[in-house]
Amino acid sequence: MERIAAIMQFGDYQFRYNPAKIVLRQEKNIRLRSCPGRWQDAQNIGENARIIEGEGELFGSDVSAQWEALCQCYRAQDPGLLISPVAGPMYAYFAYLEAVGQGGVTLRFSFRFIEDQQRTLEGGI
């Protein structure tokens with residue numbers, strides 16, 4: 001049974017609050033083979049890397065420090081262990097981070113993690 005977290009975490013960084021929107025995308029790599037004018041055959045090549053993306057908010061009097069901590073996590077070059085409320089643990093790259101200011105003490109952000117399938121399999125996850 002895979003461990004699904006109540007609070008999202010990447011490496012040593014634990015989100016203070018789960019992002020409001022978390023989407024897990026899983027997709028098979030299907031290739032079509034054709035014999036022109038006769039038939040078309042679908043072939044399952046395997047699964048693509050899982051992608052977890054979403055949107056959240058940082059808020060409070062320390063919003064700048066929260067954002068800097070999230071940016072520091074994003075800057076990591078190596079994949080880290082990602083534990084989320086929508087999937088079991090996986091090794092992933094923190095591939096995308098964007099902030100949209102709302103003024104005041106709230107900062108909206110969006111993110112994307114892309115699974116490192118080889119590391120996930122080697123890590124026994």
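I looked up Phe15 and Phe111 and found both buried, where buried means under 20% relative accessible area, exposed over 50% and partly exposed in between, with a 1.4 Å probe and protein chains only. I note that this is a predicted model, in which local features need pLDDT of at least 70, side-chain atom pairs count only at pLDDT 80 or more, and totals for chains, interfaces and linings use all residues. Residues are numbered from 1 along each chain as its sequence is written, and side-chain values use heavy atoms, with hydrogens and water left out.

I then counted ring pairs. Rings of Phe, Tyr and Trp (its six-membered ring) pair if their centres lie within 6.5 Å; planes under 30 degrees apart count as stacked, over 60 as edge-to-face and the rest as tilted. I got 10 aromatic pairs by this rule. For Phe10 and Phe113, the ring centres are 5.0 Å apart and the planes at 45°, so this pair is tilted. Phe10 is in strand E1 (residues 9-10) and Phe113 in strand E9 (residues 106-115), so the pair ties together parts 103 residues apart in sequence. Strands (E, at least two residues) and helices (H or I, at least four) are DSSP runs, numbered from the N terminus.

I checked burial next: Phe10 has a relative accessible area of 4% and is buried, and Phe113 is buried at 1%.

I went back to Phe15 and Phe111: their ring centres lie 6.3 Å apart with planes at 50°, so this pair is tilted. Phe15 sits in the loop between strand E2 (13-14) and strand E3 (21-25), and Phe111 in strand E9, 96 residues apart.

Last, I listed one aromatic cluster, formed by Phe10, Tyr13, Phe15, Tyr74, Phe94, Phe109, Phe111 and Phe113.
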